[in-house]
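My notes follow in the order I took them.

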Amino acid sequence: MTPILNMHDINVSEFLTVLDTCEGNVFLVTRDGDKLNLRSKLSQLVGLTQLIEGGRIAEASIVCENKNDECKLFRLNMFRDVG
């Protein structure tokens, strides 16, 4: 697995749009060290509800199995680019 990507102040709708395009597993790592596979819609609901503040994800740690997925999420985090 690739290193953890720390994401901050992410629009939930844009984040979910990018997640739907990911090819491999993407894990949300909680502060307690739990890993939720965000390819699962149920895990998305459970994991993201803990992180959402005012319609945005305040902070999240993400681990991607696929390097291309990591690049997509990095671009979203840094440049707000969902395309």
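In which loop is Arg39 found? I looked and found Arg39 in the loop between E3 and H2. I kept in mind that this is a predicted model.

**Entry 1: Arg39**

I checked the accessibility of Arg39 next. Its relative accessibility is 38%, so I logged Arg39 as partly exposed. Then I listed its contacts, leaving out residues up to four places away in sequence. Arg39 touches Leu19, Asp20, Cys22, Glu23, Gly24, Asn25 and Val26. I also took one distance.

**Entry 2: helix H1**

I turned to H1, residues 12–21. Which residues of H1 are buried? I noted Val12, Phe15, Val18 and Leu19. Looking down the axis of H1, I found these buried residues within an arc of 125°, so they line one face of the helix. I recalled the general rule: an α-helix has 3.6 residues a turn, so residues three or four places apart point the same way. On the face of H1 turned away from the buried side, I found the exposed residues Ser13 and Asp20.

I then asked what the buried residues of H1 pack against. My list has strands E1 (5–11), E2 (26–29), E4 (52–53) and E5 (56–64), plus helices H2 (41–51) and H3.

**Entry 3: H1 against H3**

For helix pairs I wanted two numbers. Two packed helices are described by the angle between their axes and the distance between the axes. The axes of H1 and H3 (residues 67–79) come within 10 Å and cross at roughly 165°. That angle makes H1 roughly antiparallel to H3, since over 145 degrees counts as such. I noted the crossing of H1 and H3 as right-handed.

Which residues meet here? From H1 I wrote down Glu14, Phe15, Val18 and Thr21; from H3, Lys72, Leu73 and Leu76. The residues of this H1–H3 contact divide into four nonpolar, one polar and two charged.

**Entry 4: H1 against H2**

I repeated the look-up for H2. The axes of H1 and H2 come within 13 Å and cross at roughly 150°. That makes H1 roughly antiparallel to H2. The crossing of H1 and H2 is right-handed.

I listed the contact residues: Phe15, Leu16, Leu19 and Asp20 in H1 meet Lys41, Gln44 and Leu48 in H2. The H1–H2 contact divides into four nonpolar, one polar and two charged residues.

**Entry 5: helix H2**

Which residues of H2 are buried? I found Ser43, Gln44, Gly47, Leu48 and Leu51. Seen down the axis of H2, these buried residues fall within an arc of 105°, so they line one face of the helix. On the other side of H2, I noted Leu42, Leu45, Thr49 and Gln50 as exposed. I then looked for what covers the buried residues of H2: the cover includes H1, E2, E3 (35–37), E4 and E5.

**Entry 6: Gly47**

Is Gly47 buried or exposed? Its relative accessibility is 1%, so I logged Gly47 as buried. Not counting residues up to four places away in sequence, Gly47 touches Leu28 and Leu36. I also checked Gly47 against Asn6, 41 residues apart along the chain. Their C-alpha atoms are separated by 15 Å.

Technical notes. Residues are numbered from 1 along each chain as its sequence is written. This is a predicted model: local features need pLDDT of at least 70, side-chain atom pairs count only at pLDDT 80 or more; totals for chains, interfaces and linings use all residues. Side-chain values use heavy atoms; hydrogens and water are left out. Axes are lines fitted to C-alpha atoms, for helices over the stretch in contact, and angles run from 0 to 180 degrees between N-to-C directions. Helices (H or I, at least four residues) and strands (E, at least two) are DSSP runs, numbered from the N terminus. Angles under 35 degrees count as roughly parallel, over 145 as roughly antiparallel, 65 to 115 as roughly perpendicular and the rest as oblique. A crossing is left-handed if the near helix is turned anticlockwise from the far one by less than a right angle, and right-handed if clockwise. Contact means heavy atoms within 4.5 Å. Ala, Val, Leu, Ile, Met, Phe, Trp, Tyr, Cys and Pro count as nonpolar, Asp, Glu, Lys and Arg as charged, and the others, Gly among them, as polar. Buried means under 20% relative accessible area, exposed over 50%, partly exposed in between (1.4 Å probe, protein chains only). The arc is that of the directions from the helix axis to the C-beta atoms.
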